[in-house]
Amino acid sequence: MEQQTPTYAQAIAELEGILAKMQSPDCDIDNLARYAARAIELLKQCRAKLTTCDEQLRKSLEALPQTL
């Protein structure tokens, strides 16, 4: 089953949860690598979303007339 890409807000919330788990004194060392891998995956998704948004905003601003 293919995992659906989370929204930016969902990815940030999941990252915050992972960070809390990793900072917990009860963090299971056996899961640490899995937490880190998921965090990296989410960070890549967030970066891609931010890059896309930035590009779209720049195109929109470039399309505006210079005399507003």
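I worked on a predicted model, where local features need pLDDT of at least 70, side-chain atom pairs count only at pLDDT 80 or more, and totals for chains, interfaces and linings use all residues. Residues are numbered from 1 along each chain as its sequence is written, and side-chain values use heavy atoms, with hydrogens and water left out.

**Count.** I took a salt bridge as a side-chain nitrogen of Lys or Arg within 4 Å of a carboxyl oxygen of Asp or Glu. By this rule I found 3 salt bridges.

**R38 and E14.** I looked up this pair and found its closest N and O atoms 2.7 Å apart. Helices here are DSSP runs (H or I, at least four residues), numbered from the N terminus. For accessibility I used relative accessible area: buried is under 20%, exposed over 50%, partly exposed in between (1.4 Å probe, protein chains only). R38 is buried at 14%. E14 is partly exposed at 30%.

**E41 and R38.** R38 also forms a salt bridge with E41, at 2.6 Å from N to O. The two are 3 residues apart in helix α2, about one helical turn. E41 is partly exposed, at 34%.

**R58 and D54.** Here the closest N and O atoms are 2.9 Å apart. Both residues lie in helix α2, 4 residues apart, about one turn of the helix. R58 is exposed at 51%. D54 is partly exposed at 34%.

**Network.** I then checked for shared partners: salt bridges join E14, R38 and E41 into one network.
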